[in-house]
Amino acid sequence: MMNEEPVFRSHELIRSLILLGFAIYIARLSATGYLQYYVAPEMYPWLRLSVIPLVALSVNLAYRAMFGTKHGVDCHCEHPVTGSKLKHAAIYALFILPILLGSLLPDQALGVTAAAKKGMILGSPVLTREQLDGKFKAPDKYNVEFAELAKLLYVQDPIEVKPEIYSEIVGSIQLFKEEFKGKRIRLSGFVYRDEGVSPDDEFVLGRFLVQCCTADAYPFGVPVLLQANHPAVRNDAWLEVEGNLVTVIREDREVIAVEAELVTEIPRPDTPYIYLNSKAVEQWIQEARESSGGIKPGAGDDS
C-alpha cells in the first residue's frame with residue numbers, strides 16, 4: 001500500500017480544542033476552589049479525574065487532524081463529514097459557548113435571584129413526614145436519625161446549626177417543632193426577601209441544598225421575624241441570626257421561625273452550599289454523645 005500524504009482535518013482540530021477547553025476549565029475550577037459552586041463534594045474526584053481522558057482524547061484528535069491521511073489513520077472506514085457550515089457552526093457553538101461563559105463570567109454562588117426562580121422552601125427539603133405523638137419519637141424508619149438528632153439538639157443552649165449538617169438540623173427541628181418552641185437557636189444564611197411581598201420586619205434566612213450539582217440545588221430557609229424598629233436588612237446579604245424558635249403559618253402550613261434578637265452581617269462562607277452527608281450526621285451524633293459525658297440522648301427531655 002502506498003503511503004498517503006497527511007490531510008488537514010479542521011473538524012477534528014475543532015473537537016480537539018473543545019475537549020481541551022473543558023479539561024482546562026475543570027482544572028481551573030479545581031485549582032481555584034470554585035468547583036464547589038457547581039457540584040457536590042462527592043463529584044469532585046470524578047470531575048478531577050475526567051481531565052485525564054479529556055486531555056488524552058484532545059491530543060489524539062489533534063494528531064489525527066494534523067497527521068491523518070485522507071482515508072483515516074485506523075481502519076480506513078471513516079465517513080466524510082457532511083452538512084452545511086452553518087449547521088456545523090451551530091453544533092460546535094453549543095459546546096464552545098459554555099466554555100466561553102464559564103471562562104469570562106465571574107464564578108458566583110447561587111443567591112436570591114436563583115432562589116426566586118426556583119421558589120424558596122420553608123423548613124427543610126429533606127424532611128419526609130410530619131411528627132406523630134410522643135416527644136422525639138420517630139414516626140417511621142425514615143426519621144429515626146432525625147429523632148436521635150433532636151434528642152441531642154434539645155439539651156443545647158443555644159442550638160448551633162452546623163453548616164455540615166444544616167438541613168438535617170433544620171429538618172429535625174421542623175419535625176419536632178412543638179417540642180422546640182422557645183428554644184434558643186443560632187444559624188446563618190443569605191437574606192431572601194420577595195420584594196413588594198415580604199413585610200419589612202420579616203425575611204427568610206436561606207441556603208441552597210446541592211445533591212449532585214447546582215442544577216438540582218434546592219433553596220430552603222427559615223423565616224426570621226425582626227424586632228420592632230429593627231433596621232432593614234439587605235437582600236442577599238449573609239447574616240448570622242440568634243433568637244428563639246417559634247412557629248408561624250406560611251403557605252398554608254405550620255413551619256418553624258426565629259424571633260431574632262441578635263442579627264449580625266457576616267462574610268459569605270467559602271463553602272456557601274449545604275450537602276447531604278450521612279457520615280457527617282453520624283459523626284456529629286457520636287461527638288455530641290461523648291461531649292455530654294456519656295449521657296443517654298434525650299436526657300434533657302422533660303416528659
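Trainee: Which residue forms a salt bridge with R193?

Mentor: R193 pairs with D200, and their closest N and O atoms are 3.7 Å apart. A salt bridge here is a side-chain nitrogen of Lys or Arg within 4 Å of a carboxyl oxygen of Asp or Glu.

Trainee: What sort of model and numbering am I looking at?

Mentor: This is a predicted model, where local features need pLDDT of at least 70 and side-chain atom pairs count only at pLDDT 80 or more, while totals for chains, interfaces and linings use all residues. Residues are numbered from 1 along each chain as its sequence is written, and side-chain values use heavy atoms, with hydrogens and water left out.

Trainee: Back to that pair. Is R193 buried or exposed? And D200, buried or exposed?

Mentor: R193 is buried, at 11% relative accessible area, whereas D200 is exposed at 67%. Buried means under 20%, exposed over 50% and partly exposed in between, with a 1.4 Å probe and protein chains only.

Trainee: What does E202 touch?

Mentor: R193 again, plus P223, V224, L225 and R250, leaving out residues up to four places away in sequence. Contact means heavy atoms within 4.5 Å. E202 sits in strand β4 (residues 202-210), and at 13% relative accessibility E202 counts as buried. Strands (E, at least two residues) and helices (H or I, at least four) are DSSP runs, numbered from the N terminus.

Trainee: How many salt bridges does the structure hold?

Mentor: There are 11. One of them joins E12 to R64, with the closest N and O atoms 3.4 Å apart. That pair links distant parts of the chain: E12 is in helix α1 (residues 10-32) and R64 in helix α2, 52 residues apart.

Trainee: Are E12 and R64 buried or exposed?

Mentor: Both are buried, R64 with a relative accessible area of 12%. Helix α2 covers residues 44-67. R64 also has S16 at 9.6 Å, C-alpha to C-alpha, though the two are 48 residues apart in sequence.

Trainee: What about R184, which side chain does it meet in a salt bridge?

Mentor: E261, at 2.9 Å from N to O. R184 lies in strand β3 (residues 184-192) and E261 in strand β7 (residues 253-265), so the pair ties together parts that are 77 residues apart in sequence. R184 is partly exposed at 21%, and so is E261 at 39%.

Trainee: Which residues are linked in a network of salt bridges?

Mentor: E160, R184, R186, E242 and E261.

Trainee: Last one: which ring does the charged end of K183 sit over?

Mentor: The ring of Y154, 4.6 Å from its centre. The rule asks for NZ of Lys or CZ of Arg within 6 Å of the ring centre and within 35 degrees of the ring normal.
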